[in-house]
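Try each task before you read its solution.

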Amino acid sequence: MRYRLTFIAGLALGYVIGTRAGRERYEQLKKSARQFAQNPAVRNTAESAAQGGRDLAGKAYHAVSDKVGDKMPASVADRVRSLRDRGQNGEDDWGTTNT
């Protein structure tokens, strides 16, 4: 079923992009998506969600590491630590800094 839906979606997308009217519509959709992504409210919401995820990852790391102890793989510990550190030094996912 998933492959059938993927095929149908690809077919529809190919038809829309392949036609002249479809190209104009594609440009409209692309412009709308760009405006949506550049909206300050959307950017703030996305950053808030990312920051919340980083905070929860840090809490989960501590909860799991207390129970698991030294058995946690170093790769997992390093990844969670890097996420936590990224959230503390003011960087965000958009390439700007929080002020």
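This is a predicted model: local features need pLDDT of at least 70, side-chain atom pairs count only at pLDDT 80 or more; totals for chains, interfaces and linings use all residues.

**Exercise 1.** Work out whether Tyr-15 counts as buried or exposed.

*Solution.* Tyr-15 has 60% relative accessibility, so it counts as exposed; the cut-offs are over 50% for exposed, under 20% for buried and partly exposed in between, with a 1.4 Å probe and protein chains only.

Numbering starts from 1 along each chain as its sequence is written, and side-chain values use heavy atoms, leaving out hydrogens and water.

**Exercise 2.** Find the span of helix H3 and say which of its residues are buried.

*Solution.* Start with the length: H3 covers residues 40-68, which is 29 residues. From first C-alpha to last, H3 reaches 41 Å, close to the 42 Å expected at 1.5 Å a residue (that is, 1.5 Å times one less than the number of residues). Then look for cover: Glu-47, Ala-50, Arg-54, Gly-58, Tyr-61 and Ser-65 are the buried ones in H3.

**Exercise 3.** Describe the chain as a whole: which elements does it have, and how much of it is buried?

*Solution.* Count four helices and zero strands, running α-α-α-α from the N terminus. Of the 99 residues in the chain, 14% are buried.

Key: Helices (H or I, at least four residues) and strands (E, at least two) are DSSP runs, numbered from the N terminus.
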